[in-house]
Amino acid sequence: MDARFAVQQVPYERWRQATAANLAADHLNGYDLWTMAFMEGKPEWEETRDFLLGASRDELSDLVEKTRGESLAFLVMMMTGACNADCPICFTDRRRKRGESTVEQRDRLLREAAALGAGYVYVPGEGEPTIDRGWWQFLDTCRDAGLEAIVFTNGLIFSDAATSRKYWDCEPEEAVERLAGYPLSMYVKMWSTQPDLVGTMMGINADKYRWTDYDGVRVPFGMAQLLEKYPRERLGIEVVVEGRNADEVVDTIVPFAERHDLSRIVEIIQHNGRTLGDPTYDPTPEQAQRATPLLSPTSCTVATCKAVVTSRGYLSPRIAILENQLPKPARHIDDGSLWELLHTTDYLVQRRYEQGCLCESEPVSLAGANTPALLGPSSVVPPQLADLISATPVATTGSTDGFEATTTVAELAAGEVAHGRPVAVLGRALPVGPGLIQLADATDTVQVAGVDVAAYSWVGVQGTWDALVGVVRATDSTVIKQSVRPPISRIAPELTMVREPALLQAVRTRSALVSMLRESLSGQGYLEVSTPMLTVNGDMGHVNQAQTEPVLGRRFHLRTDPEEYLKRYLTAGLPAVFEVSTNVRADEPDDTHLVEFQSVEYYRRLMTLDGSIEVADGLVRAALSRFATGRLQWNGMELHPQRPFARMRYAEVVASISGLDLSAPEHATAAGLASAIQAAGYDVQVPEGLTGWRRAWLEGLFDGHVLPKLRQPLWITHFPAELAVQARLDPADPRYALRAELYLPGGLELANVYDNLVDGAELRTQYNARRSHRVAAGMSHVATNEALMTSAEAGMPPMSGGAIGIDRLLMVALGHRNAGQGLLFAREGFAELKAGSMCGTDDGGCGSCSTGGCH
């Protein structure tokens, strides 16, 4: 008997109705191979199949529009990663994730799901949904949208007044009464009636939750409250069967649920979290046999009428999957409407018609039956992991002679290899348990049963690919290179990736980003060129430039950017050039600055400032849209790269934020501006040697008090003439220069562009002024770059161009707070070794420190 809540038992006719609507939509969008394969050999779908093959696009479009409101039976939505329990079997880490879906995003998603015909929203939870800050708003929206909510909860909040007050601002008893007014059904964890065992299984102090006797069974006080005051038809229990509680589930817990008319979900333990590879948690064969008749279906593997959304808003092909296991690039609910995403995403459409999911139950019959006859799994991951671990390990040799790979880990992980096929595959052995390893190659991993080798060794495995459970069953193995030490080191940051191969994805993402920038600029007619890393002349800007030891008797500077060389390419006659360059600035590194960093810089003759902004704006927005891994935001503000970033003049921004009018005559001098800044109450500190420079006061006010208050991405244009750098002054108003920079909320600079100053005499004057400022600031004297002056005098064409910081661009796209993602050794040699850090890099580009992976 299906003991789930009635609302979640989708009738066969409703399932067929939704599936037909999805078949039509997917067929119309070009997924005919999958839709036809799904209907192949199913007589009940012949009429639909014939129609899809014979219908015109207009007829298909009409059908889709008429039926799209029937295409979704239910929505699966995770709310948060945070949890107030610490169950060892859990596949999550109990942490609230950066970028979790907002209340507004959830509201929109729920209403879209209801408009597509969804009857209920299923909340299994990556964490504990009742402690999500948007809990009550979620229930309000469900009620308004006509959705039934089915929520899995550990129930602890009902027994803990402090937690209830913290998250719900009321006592548990009040909450129970309030919840009864919502269309809410709850499965509450009831894993044992023994407080000590519950504490062990859930990783909590069970004494905190006040236990009481109810109908002869020991239950937490909150559960007793629910049984007394909450509608029984909307109350259920959820049980995970393992060796320690299996007998109690059969003899006490399920009978208790039946006596009180409680719905129930009963599942065999899934091997996740800290239980992975530990067969001691499994029930005995005798216990499993007794529990099998009680097992429940969770959700149907051919439920072509569902959508699954993770806590950060990514669309998932199935329920029990971590976000880092999602196909790349994963689709986010902000990428479009729910309908559009469900029918234009390859991995979602493909999953819709597949039937072999290991973590969800499978119907024995849908075709030909008028009722949803479902059968629960005998094990959630068949065959049980314990069976794999108990396999006798194959002999392992130490010779590489004769081993030749026939497939790759990536091909196996992607499902590109047929079930039962003999394979030979090479990778690094990550430890799981006796006779069981994860074979890793780059970012991909696959499970191998029957191999015992030293952890982290490179090994070649021969065996058979079992596609049903995603395991290579080994028949032979060869150690290619044995690891003789654990991958832990203060001086080798790459060892973090040895332990966590998925972190290498940042390297791949960086490579894809650079390729995209190159392809985009080349497609716009820019020619990629190379410029010297060793430069004869020093940088005239206000940066510290690194110098070399003598090379062939002469010291060189390491370039800070390729700008001056790129402009000389245009003097030579090329119309447009760019370079992806590595540059060095001898300044102390911090979260957003690296000593050695990467940029893309471009120039085109006869291009205007507006044209140059459009190029950089398009590149930045395309990169953020393509490579963002979650909700895109910076400094707490959401970014929207689907539209061009706003523009505003420098003086307007300063006036808006500080109230100072830079165009006022009294602010035209350094003394006048300094007086106004101080009168306005702004603390701007200018070094003694620079107090007479208006530029210094402008920079102090702008950097210290204006940029930190930006609340949106903004192109700031027309910098004051004192900040022209090498930009041409605006002919319409020479007080300002044709220079622009793109800043994110809080003032992070991502790109800069300008109309280049190409008049030789003016350029020399500008260089002399910049040198005077350098010297006044206590920096070294730098000689004029006479080669650049000669180039300008010889006919350097009018041009515009700019530069984009690749490290920062990737940092923002990936949601990190430290620059250098994808550069494993970005901070090597520059970071102070910390006692708590294994690699000593404090996020040396790998991203592991910011996620807790290295501490």
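Which residue in β17 is the bridge partner of V423? In β17, that partner is G463.

Before I continue, a word on the basis: this is a predicted model, where local features need pLDDT of at least 70 and side-chain atom pairs count only at pLDDT 80 or more, while totals for chains, interfaces and linings use all residues. Residues are numbered from 1 along each chain as its sequence is written, and side-chain values use heavy atoms, with hydrogens and water left out.

To return to the strands: β14 (residues 422–433) and β17 (residues 458–466) pair in the antiparallel sense over seven bridges. Strands are DSSP runs of E of at least two residues, and helices are runs of H or I of at least four, both numbered from the N terminus; two strands pair if DSSP finds at least two bridges between them. β14 also pairs with β15 (residues 436–441), again antiparallel, over five bridges, and A429 has L439 as its bridge partner in β15. β14 and β15 form a hairpin with two residues between them, and G435 in the turn has a positive phi of about 75°.

Eight strands form it with mixed pairing, in the order β19-β22-β23-β30-β29-β28-β27-β26. β19 (527–528) and β26 (646–649) stand at the edges with a single partner strand each, so one side of each is left without a neighbour in the sheet. Within this sheet, β29 (residues 749–755) and β30 (residues 799–805) run antiparallel and are joined by five bridges; the partner of Y754 in β30 is G801.
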